[in-house]
Amino acid sequence: AAGIGDQLHAPFRQTGRRPITALNLCVRVCGAHRQESRAGESLEHRDLKVAIRIFLPLGGGTGRELAVGLRAEGIRFVRFPLGEPNRVNVVVTPDSGPQYRFNQTRPHLAVPQARHLVNRAAELSGKADPVIISGTLAFGAPPDSYARISRAARKAGRRVFLDCDREPFVRALAEHPFLVKPNEFELGQWVGRSLPDESAVR
């Protein structure tokens, strides 16, 4: 985890960290045609004025594909080895109507491995600012994992940007993150009721 102070664009000396365990396979259905693209969740970084370093659980062929893509983008990462392949999320977007998402239920972590992952992420969170915690927890990780990482970052005086849902979101909120980013559906889960429009959110 060396080189946290490295920079992409002066005078900024900040680093974002974000765990990723999935590869997105995006399918756009256009009439009789289908277009596919594969992308890791955090490759859209070109407009950021910060240096990015990702804490990245990797395993199997999809893990290797993620690593190749990140290196091609010039994004530095800290690898956490997984015993199973990273999952592939299939996203189907038709010309009109709803978008469909099919997410695999892997990788699954054993309790010791999940504890090691969270401890390592908590350790690294004290060396970055801001600390970005985003996405679905790895299966097998305890629901307070993001809260523990947030607590370690806050104790180190780092800002936490939180993007998750359900119980991990509720628990991590108790650690007073600097910024949270729930969508309407996730916000509705938190308050316990449907939020069909902007007025309901307000």
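This note goes through the sheet, the cores, the salt bridges, the surface and the backbone of the structure above.

1. **Basis.** This is a predicted model, in which local features need pLDDT of at least 70 and side-chain atom pairs count only at pLDDT 80 or more, while totals for chains, interfaces and linings use all residues. Residues are numbered from 1 along each chain as its sequence is written, and side-chain values use heavy atoms, with hydrogens and water left out.

2. **Sheet.** Three strands form an open sheet in the order β8-β9-β10, with parallel pairing. The edge strands, β8 and β10 (179-180), each pair on one side only. Helices (H or I, at least four residues) and strands (E, at least two) are DSSP runs, numbered from the N terminus. Two strands pair if DSSP finds at least two bridges between them.

3. **The β8-β9 pairing.** Strand β8 (residues 131-134) runs parallel to β9 (residues 160-163), over 4 bridges. Ile132 has Phe161 of β9 as its bridge partner. Ile133 stands opposite Leu162.

4. **Crossover.** β8, helix α3 (residues 145-155) and β9 make a right-handed β-α-β unit. Right-handed means that, with the strands pointing away from the viewer, the path from the first strand over the helix to the second runs clockwise.

5. **Cores.** The largest nonpolar core has 24 residues, of which Phe55, Ile133 and Tyr146 touch the most other members. At least two residues each come from β5 (76-81), α2 (111-125), β8, α3, β9 and α4 (166-173). Helix α2 gives the largest share, 5 residues. Another core, of 9 residues, lies apart from it and includes Ile52, Ile54, Ala67 and Ile75. A core here is a set of buried Ala, Val, Leu, Ile, Met, Phe, Trp, Tyr and Cys residues joined through side-chain atoms within 4.5 Å. Buried means under 20% relative accessible area, exposed over 50%, partly exposed in between (1.4 Å probe, protein chains only).

6. **Salt-bridge network.** The whole structure holds 6 salt bridges, each a side-chain nitrogen of Lys or Arg within 4 Å of a carboxyl oxygen of Asp or Glu. Arg151, Arg154 and Glu175 are linked in a network. The closest N and O atoms are 3.1 Å apart for Arg151 and Glu175. That pair joins helix α3 to the loop between α4 and β10, 24 residues apart. For Glu175 and Arg154 the closest N and O atoms are 2.6 Å apart. Glu175 lies in the loop between α4 and β10 and Arg154 in helix α3, so this pair ties together parts 21 residues apart in sequence. Glu175 is buried at 9%. Arg151 is partly exposed at 31%, and Arg154 is partly exposed at 39%.

7. **Around Asp129.** Asp129 forms a salt bridge with Arg159, with the closest N and O atoms 3.3 Å apart. It links the loop between α2 and β8 to the loop between α3 and β9, 30 residues apart. Asp129 is buried at 19%; Arg159 is partly exposed at 25%. The peptide bond from Asp129 to Pro130 is cis, with omega near 0°.

8. **Positive phi.** Two non-glycine residues deserve a look. Arg166, in helix α4, has phi near 55° and is exposed at 54%. His176, in the loop between α4 and β10, has a positive phi of about 55° and is exposed at 62%.
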